[in-house]
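Dear colleague,

Please find below the structure that I am handing over to you. I would be grateful if you could read the notes after it with the model open.

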Amino acid sequence: MSTNLNFHRESAGRFYAMPLAIALFFLALSPGCKKTNDADAGALVTVQTEHPEVGEISEHIMADATLSPIAQAAISPKITAPVRAFYVQRGSKVREGQLLALLENRDLSAQALDNQGQYTAAQAAFEMQTKAQVPEDYHKAELDVAQAKAQLDLQQQIVDARRKLFAEGAIPGRDYDTAAAALVQAQATYDVARNHMESLKDVSRAASLQQAQGQLSSAKGKYLAAKAQVSYSEIRSPIAGTVTDRPLFPGETVNSGSTLITVMDTSSLIAKVHLAQTVAQQLTVRDDASVDVPAVEKPVPAKVFLISPALDPGSTTVEVWLRVNNKAGKYKAGTPVRTSIKGRTVAKAVKVPLSAVLTAQDGSKSVMVVGADGAAHKTPVELGINDGDDVQVTKGLEGSETVIIIGSYGLDDGTKVKVGKAAEDEGHAGGEAK
């Protein structure tokens, strides 16, 4: 009987205990309790802070680029021919004018030899015409004129004598007429000889010289053309540098216009960046810059080498070249890099780390400042130049504030904070403000 009574008492206790446990469970999930827990958690937000610095800051213009050689030659032959021999390999150091390869040229050499012979013959003919034949013809014409003049004078004397005798009746008129006719013939012969000499002097001599000179120049031109064809079979480097590509092997045929050997001068490398016109106008040649090269611990020093005088028509940007010294050959052409150019400098600037700046959806900037009440407060700011690590604050801060530099992302205005090492957002370079 007592056993049954105890059983009923335990069952009744369990019956009344279950509703009490359920009530306590829902009470724990009520909004009031959750708000209390959230408030407790909010008070435990840990952040890192700094006072703004006042000092010099220089603008750093950042851009991506690819390293290029300062000079490059993709050497293509002007003739199509098999490669007889190569004198360099990939990686070979070459000097300007050095012979790199030789194409098959025996047929071209034979043609050049033939044209050389024709040129030599033309030179001999020119010497004969200018120094022998033309002077000889002119001298003969002078002799003909002299002979005709002498004959004319003789006939004139005969006519004069016979005219006197005819007047005295000593000779018949027929003898006088015969002498007069011979005088006319002598005069004609003299005129022809004199005109021939004048023609040689004024026209024929110059024409003969021009003809001889033309034949000589034609022969010389053919010889030089054949000689040039032979020279095209000798592939020489137009620049000093390093052979970076040589796709063919001896015996293979290279077509005219196709690349046979590529030579690059990598003693200096060029990083080409495209900047907005307003930014590029602040730069001058020889401005300081640096280049971050992958796998290189420290930034590599560089200088502004060239600023394009015209905008790129496609992007309306200005191309700026940065020159990197690479005499040791440590850096490779084609490497993607991050460049930084030193721009404007402000001597006394209020500056904070970039990680402290928050950007709203409308583009406005702000920082979180820890107030005297121990809470974070959103403070709008206006920014100036930045050097990649710090940014100038032109409006919004005086320099005495306590600015959250790590841990501000996602904080609500008025959130209680504790200064220390933030567990979240460590190393976060700014963020988007709420």
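The notes below cover a sheet and the aromatic rings.

This is a predicted model, in which local features need pLDDT of at least 70, side-chain atom pairs count only at pLDDT 80 or more, and totals for chains, interfaces and linings use all residues. Residues are numbered from 1 along each chain as its sequence is written, and side-chain values use heavy atoms, with hydrogens and water left out.

Strands (DSSP runs of E, at least two residues) and helices (runs of H or I, at least four) are numbered from the N terminus. Two strands pair if DSSP finds at least two bridges between them. Strands E3 (residues 81-86) and E5 (residues 99-103) are joined by 3 bridges, and Phe86 has Ala101 in E5 as its bridge partner. The charged end of Arg246 sits over the ring of Phe86, 4.1 Å from its centre (CZ of Arg or NZ of Lys within 6 Å of the ring centre and within 35 degrees of the ring normal).

The whole structure holds 2 aromatic pairs (ring centres of Phe, Tyr or the six-membered ring of Trp within 6.5 Å; planes under 30 degrees apart are stacked, over 60 edge-to-face, the rest tilted). Tyr119 and Tyr223 are stacked, at 5.9 Å centre to centre and 10° between the planes. Tyr119 lies in helix H3 and Tyr223 in helix H4, 104 residues apart. Both Tyr119 and Tyr223 are buried (under 20% relative accessible area; exposed is over 50%, partly exposed in between, with a 1.4 Å probe and protein chains only). Phe305 and Trp321 are stacked because their planes lie at 20°, with centres 6.5 Å apart.

Yours sincerely
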